[in-house]
Amino acid sequence: MSLVILTIIAKLRHCFSCKGRKNYLCNHMMNKHWRKYLVFTLFCVAIYFPLFLHLDWQPMNNWDESLFGMRAAYMTEEGQYMRDYTLWVDGGMQHRSTKPPFTTWLQVASMKLLGINELALRLPIALCSLGIVLLFVWFARHQLGDVHIGYSAGFVLVTSLGFVKEHAARTGDQDAALAFYMVAGAIAFYLYLEATEIRKRLGWLAMLTAATIAAVMTKYAFGLLYFPAFLIYAIYKKQLWNTLKRGSTWLAFLTIAAVVGGWLWYIEGQLPGFVDRAFHHEMADRYTTTYRGHDHPWAHYFIRFWEKDYFMPWLLLLPASLALLFSREKSPLRDFNLLMFLCAALQLLFVASSGTKTEHYDVVAYAPMAMLAGIGLYQLGVAVVQLWKDRQHRPAAVVATYLGVFFFLVLPYTRIIDRVYKPKMPDRTMSYGYLLRKIQKTKPEFKQFTIIAPIYTGQVNYYAGLMNRKQGYHIKISEHPKQVEVGDTILACESKMIEYLMQHYELKGIETEGKCFLAIAKGLKSSTDSLTTSGQ
């Protein structure tokens, strides 16, 4: 809606124009380039808050952020790939790590600069999310002929709940970074087909190759899910044969295969069995079977767009954008609109057909969908401007502007700010991090205790290992409350474990956070006391 607002301001500027040329400041404020930079600055301020506000407020998420955190922290500390999470913390979960390392390297570099903490893990991902927005703005300005399309698409992306959520733009999970590499690859592919000069064509092919390597080295074959869209788009542009017969195309394929294959060969030599587990655990088994209860209907990801407001109200703007596909007039806007549609649609169809449907498999679809909705938002703005040009319809234009600003600017933005302002995890099973961070500040004298939790609680493993390694703690992890002895200092959050502890031990509280507590087991309860507690 920035296009609408700016155009109306431009139309009304004579009401506030300078009366003479001597007013230097006034003349500069009316300068076209000054307004352009002002709008860009305001846009950057607007997108800053959804992506970066209180970025380190929450502790690590249980899944999968804490796992990425342990991988990056271990690599920062030890300088090598972490093959198993027991290497991070004694008594931790016995779970092999088989993720590729590219985005982890970025997080390691961040930790080298900022230390091992939540901000260092999340900042590279948030910057990649910002990178998508800036790519949209750059591409819209230089290829689509109007920067407002990029502003609209970027605003849609950072106000989409499906993108600004756990596992995505604001956590240490790597799906938003993957989206950045894949979108960069899609733009490079588009420009590669459009290039007429050999030098430019080779440059865009090099960018596509680099982006593909980054994507595959972040999430294996998942990083190739835009390639079916590239194939169809090349056929539509009648460029498939020209592309396949070029030697540079096959050199790019060989480069990708050599880099990815070389790393797999190296890591297999270091960790025998790695490739087999990566193929089955990270790819084949997740597509053909249901992994850890992530079983949902085929339309699961589509339904969430409106039921959970993951892509509302932007879903309402897609028809206007998709109508361009049926336009007879060829234009860069229509072609890029088609490419973005193919990328989003085919990726969503692929993950919808997967046996395992996790929370984050659809994250990479939000970027091309944001461009589609951004084009729809831009078209809506153009329509309002056309209304304004006709004096008879100016009242309608004013009403449409107010309604549009409210529904497509104010409501989405306030909703996303409410989501990111001092965010709080509601699930008490993920509250270990809150209590552990609180203990470091309020009870620094308690350096030795046992966390009673399921061994596969990622948050517990991350913070226990970090505090042991960096802050002189001696924290143990146990999932057996029956092994607690009198005199032990214990931390618990799980309901069943808390119930057992309350029934069998006299506890002296030290610190609490929600229903989680740190306490000392002062003694055993008698059988009568246990029965009384159970009855209560």
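# A friendly note on this predicted model

1. About 80 Å³ of space lies in the largest cavity. Keep in mind as you read that this is a predicted model. The count of cavities of 30 Å³ or more comes to 3. Which residues line the largest cavity? They are Asp64, Phe68, Lys99, Asp173, Gln174, Asp175, Thr218, Lys219 and His360.

2. Another cis bond runs from Met312 to Pro313, where omega is near 5°. Pro313 is found in the loop between helix 14 (300–307) and helix 15 (318–322). Such bonds are worth a check on screen, because most peptide bonds are trans.

3. Now for some backbone angles. Most residues other than glycine have a negative phi. His167 is not a glycine, yet its phi is positive, at about 70°. You will find His167 in the loop between helix 7 (147–158) and helix 8 (175–194). Lys238 also has a positive phi, near 60°, and is a residue other than glycine. Look for Lys238 in the loop between helix 10 (227–236) and helix 11 (240–244).

4. Are these two residues buried or exposed? His167 counts as buried because its relative accessibility is 10%, and the cut-off for buried is under 20%. Lys238 counts as exposed because its relative accessibility is 72%, and exposed means over 50%.

5. In what order do its 5 strands lie? The order is 2-1-3-5-4, in an open sheet with mixed pairing. Strand 2 (474–478) and strand 4 are the edge strands, each pairing on one side only. On average, neighbouring strands of this sheet are turned by 30° against each other, direction ignored.

6. Follow the pairing strand by strand. Strand 3 and strand 5 are antiparallel partners over 4 bridges, and Thr489 stands opposite Ile520 in strand 5. Strand 5 also pairs with strand 4 in the antiparallel sense, over 8 bridges. Here Glu511 stands opposite Leu518 in strand 5. Strand 4 and strand 5 form a hairpin with 2 residues between them. In its turn, Gly514 has a positive phi of about 65°.

7. Helix 20 lies across strand 1 and strand 2, and runs at about 155° to strand 2.

8. Which residues of helix 19 (residues 432–442) are buried? They are Tyr432, Gly433, Tyr434, Leu435, Leu436 and Ile439. Their cover includes strand 1 (448–452), helix 20 (458–470), strand 3 (489–492), strand 4 (505–513) and strand 5 (516–524).

9. Stay with helix 20 for a moment, where Tyr462 has its place. Tyr462 is buried because its relative accessible area is 0%, and buried means under 20%. What does Tyr462 contact, leaving aside neighbours within four places in sequence? Its contacts are Met60, Ser66, Gly69, Met70, Trp88, Ile116 and Asn117.

10. Last, the nonpolar interior. In soluble globular proteins, nonpolar side chains tend to be buried together. The largest nonpolar core here has 97 residues, and those with the most contacts inside it are Phe163, Phe311, Trp314 and Phe336. Helix 8 gives the most to this core, with 16 residues. Not counting residues up to four places away in sequence, Phe336 touches Phe139, Leu144, Ile187, Tyr190 and Met371. Another core of 52 residues lies apart from the largest one, with Tyr74, Val216, Ala453 and Leu491 among its members.

Conventions
Residues numbered from 1 in each chain as written. Heavy atoms only, no water. Buried < 20%, exposed > 50% of the residue type's maximum accessible area, 1.4 Å probe, protein only. Contact = heavy atoms within 4.5 Å. Pairing = 2+ DSSP bridges. Axes fitted to C-alpha atoms, helices over the stretch in contact; angles between N-to-C directions. Core = buried A, V, L, I, M, F, W, Y, C linked by side-chain atoms within 4.5 Å. 1 Å grid on protein atoms, 1.4 Å probe; cavity = no way out; pocket = protein on both sides within 12 Å on 5 of 7 lines; lining within 4 Å. Points joined across faces, edges and corners; volume = space filled by probe spheres on them.
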